[in-house]
Amino acid sequence: MIYLVLAIVVVVAGLGVVVLNRRRSPELPPTRPQVTIARTPKPVAPSPPAMGSVAAPEVVEPEVAAPEVVEPEVVEPEVAVEPEKPRFRDRMSKSRAALVGVFAGVRGRTGITDETWDELEEALLRADVGVRVTNELLGGLRDRVKSKEITAPDALLEALQAEMISRLSGADRVLHFEPGEPDSPNVWLFVGVNGVGKTTTIGKLGAAQVALGRTVLMAAGDTFRAAAAEQLGMWAERSGSDLVRGAEGGDPSSVIFDGIEAASARKIDLVLADTAGRLHNKSNLMEELRKVRRVAAKGKGRVTETLLVIDATTGQNGLAQAREFGQTTDVTGVVLTKLDGSARGGIVFAIETELGLPVKLVGLGETINDLVAFEPAEFIEALFSE
Ligand SMILES: Nc1nc2c(ncn2[C@@H]2O[C@H](COP(=O)(O)OP(=O)(O)OP(=O)(O)O)[C@@H](O)[C@H]2O)c(=O)[nH]1
Ligand SMILES: [Mg+2]
């Protein structure tokens, strides 16, 4: 009997030890909290696993639940950040720098003196406003000073600013787009001398038009330069536009004609036609441009804009170009590029007053977002702001 009781005690004690061991052993390996840390979504530089660690395989085991932790973090950066349009004020530091010092000097005097007029004249000419416009602007102000309507330097500068804004108002700066039959695309043609920014402008404008909900096809009418079509192709891809290109050295008119026909067949709204840069005094190349213009109007498309691209850093030189191009292709407006790198923003006045061409778009940098509609008030305020 005693043996029987002893035997029962031994068996029960043995079972207790087994149960206790079973309970403890699963607690030994690291449990959930550590596993979650191991699943941190951003892969950290792998640290070497603890050598010879017995617990290692057990840490790896519970990775099944991982996706739930990872997903939200990966998706987050994909949310598109709406890029802001650049502001004249922020990008026109060079043009402004040429003027603000003068304005400060004018303000610093107690009255309006001969030096005041000399300094203003010099500053406006240096900013490439042009002799004619400078004389007209200052002539009008002199009269108002003589009649005592203006007496203080501050008021003089305010009046100059208002006068400059008013000279630029009233121009038609709209990019003309005629809605019509779906197989009759609008065609906007880009012309200008070498390297002014035609292709880049097409790229930026294509992106803006696509954002407006229009479908766009780019026609690589620059068959002269080997890399020109590739360059335009890159912009087409970036902006979500179609591309039509021809053989290198081919006839630019036929590439643009083919582009317009393709756009018509695909019911695309707008064709942006690139052309090779050319000097305005090369008559054979200007004749080629005349043909491009004529042929573009022949098929299904409607040429609703011919935009002359002018580099703002070339200043008054751009005027001579504009005259020649205007006579050749019926230019409807100007795109003034590289205003961000130019101290000669005043060229806008010469272009508009002396040539009667509206500046419609302005390039304020090299990226896809750096093309803006020309806003006279914002432009002049940027020149005067300190
Ligand atoms: N800073 C600045 N650079 C610009 C602007 N527009 C164009 N560019 C630069 O000007 C250079 C020439 O631009 P393109 O678009 O190739 O000029 P293009 O008129 O097509 O040149 P060609 O086809 O050779 O006649 C490139 O480096 C552009 O990035 C602008 O508004 N600001
Ligand atoms: Mg080009």
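A residue is buried if 20 or more other C-beta atoms lie within 10 Å of its own, exposed if 12 or fewer do, and partly exposed in between, with C-beta atoms placed from the backbone. The model is predicted: local features need pLDDT of at least 70, side-chain atom pairs count only at pLDDT 80 or more, and totals for chains, interfaces and linings use all residues. Residues are numbered from 1 along each chain as its sequence is written, and chains are lettered from A and ligands numbered from 1 in the order in which they are written.

The chain has 16 helices and 8 strands. These are DSSP runs numbered from the N terminus (helices: H or I, at least four residues; strands: E, at least two). Of its 386 residues, 37% count as buried.

Helix H14 spans residues 317-329. Its 13 residues reach 19 Å from first C-alpha to last. The buried residues of H14 are Gly-318, Gln-321, Ala-322, Phe-325, Thr-328 and Thr-329. They cover an arc of only 135° around the axis, which puts them on the same side of H14. The arc is that of the directions from the helix axis to the C-beta atoms. Asp-330 follows H14 and has a positive phi, near 55°.

Ser-254 lies in helix H12 (residues 252-265). Ser-254 is partly exposed, with 15 other C-beta atoms within 10 Å. Ser-254 and Ala-296 are 42 residues apart in sequence and 8.7 Å apart in space, C-alpha to C-alpha.

Key: Expected span 1.5 Å × (residues − 1).
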